[in-house]
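Here are my notes on this one, in the order I'd go through them with you. Have the model open while you read.

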Amino acid sequence: MTRSDGELIRDALDHFRVLHLHMNRADLADQTVADAVSLRLGSAIESLSACSPGVRDRVFARHAGHAAGQPDPLEQPGQ
């Protein structure tokens with residue numbers, strides 16, 4: 001079964017949401033929390049890596065350039 005990009009992105013966002021819940025319970029010094037956070041992060045990355053190449057290119061190019069101080073390629077000029 002092939003999942004849509006939207007489904008994969010929602011899945012990744014859900015993993016990030018639960019990851020934040022784990023982090024709010026305790027810090028990473030707690031090995032159980034560290035393990036849970038690591039598993040959720042890995043699952044989110046796996047979901048995002050299964051997205052179509054076009055989505056991955058747009059999302060990661062956007063954030064990589066934005067972090068380097070370059071303009072956001074998804075924003076329209078004048079925004």
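1. Start with Ala12, which lies in helix H1 (helices are DSSP runs of H or I of at least four residues, strands runs of E of at least two, numbered from the N terminus). Ala12 is buried, with a relative accessible area of 1%; buried means under 20%, exposed over 50%, and partly exposed in between, with a 1.4 Å probe and protein chains only. Beyond its neighbours within four places in sequence, Ala12 is in contact with Ala44, Ser47 and Leu48, where contact means heavy atoms within 4.5 Å.

2. A word on ground rules before going further. This is a predicted model, in which local features need pLDDT of at least 70 and side-chain atom pairs count only at pLDDT 80 or more, while totals for chains, interfaces and linings use all residues. Residues are numbered from 1 along each chain as its sequence is written, and side-chain values use heavy atoms, with hydrogens and water left out.

3. How far can we trust it? The protein chain averages a pLDDT of 84, and 76% of the residues score at least 70; pLDDT is the predictor's confidence in each residue, from 0 to 100. Among the elements, H2 has the highest mean pLDDT (95) and helix H3 (residues 53-67) the lowest (73). Where pLDDT is low, the predicted coordinates should not be read in detail.

4. The overall layout is quick to describe. The protein chain has 3 helices and 0 strands, running α-α-α from the N terminus on. Of its 79 residues, 20% count as buried. Among contacts with a separation of 6 or more, 48% come from residues 24 or more positions apart. The chain exposes about 5800 Å², with carbon and sulfur atoms supplying 57% of it (Shrake-Rupley method, 1.4 Å probe; for residues, only the protein chains shown count as cover).

5. Back to H1, with its 21 residues. At 1.5 Å a residue they should span 30 Å, and the end C-alpha atoms are 31 Å apart, which agrees; the expected span is 1.5 Å times one less than the number of residues. The buried residues of H1 are Leu8, Ala12, His15, Val18, Leu19 and His22. They cover an arc of only 125° around the axis, which puts them on the same side of H1 (the arc is that of the directions from the helix axis to the C-beta atoms). An α-helix has 3.6 residues a turn, so residues three or four places apart point the same way. Turned away from that buried side, H1 carries the exposed residues Arg10, Leu13 and Asn24.

6. What do the buried residues of H1 pack against? They pack against H2, and the buried residues of H2 pack against H1. Not counting residues up to four places away in sequence, His15 touches Arg40, Ser43, Ala44 and Ser47.

7. H2 has 19 residues and reaches 27 Å from first C-alpha to last, close to the 27 Å expected at 1.5 Å a residue. In H2, Val33, Ala34, Ala36, Val37, Ala44 and Ser47 are buried. They cover an arc of only 165° around the axis, which puts them on the same side of H2. Gln31, Thr32, Leu39 and Glu46 are exposed on the other side. At the N-terminal end, Asp30 caps H2, with a side-chain oxygen 2.9 Å from the backbone nitrogen of Thr32.

8. Ser47, in helix H2 (residues 31-49), counts as buried at 5% relative accessibility. Outside the four places either way in sequence, Ser47 touches Leu8, Asp11, Ala12 and His15.

9. Last, the start of the chain. Arg3 lies in the segment before H1 and is partly exposed, with a relative accessible area of 35%. Its C-alpha is 9.9 Å from that of Ser47, 44 residues apart in sequence. Leaving aside neighbours within four places, Arg3 is in contact with Leu8 and Asp11. Gly6, placed in helix H1 (residues 5-25), is partly exposed at 29%; Gly6 and Cys51 are 8.5 Å apart, C-alpha to C-alpha, and 45 residues apart in sequence.

Note on methods: A polar contact is a pair of N or O atoms within 3.5 Å; within protein, one must be able to donate a hydrogen and the other to accept it, and residues adjacent in sequence count only if both atoms are side-chain atoms.
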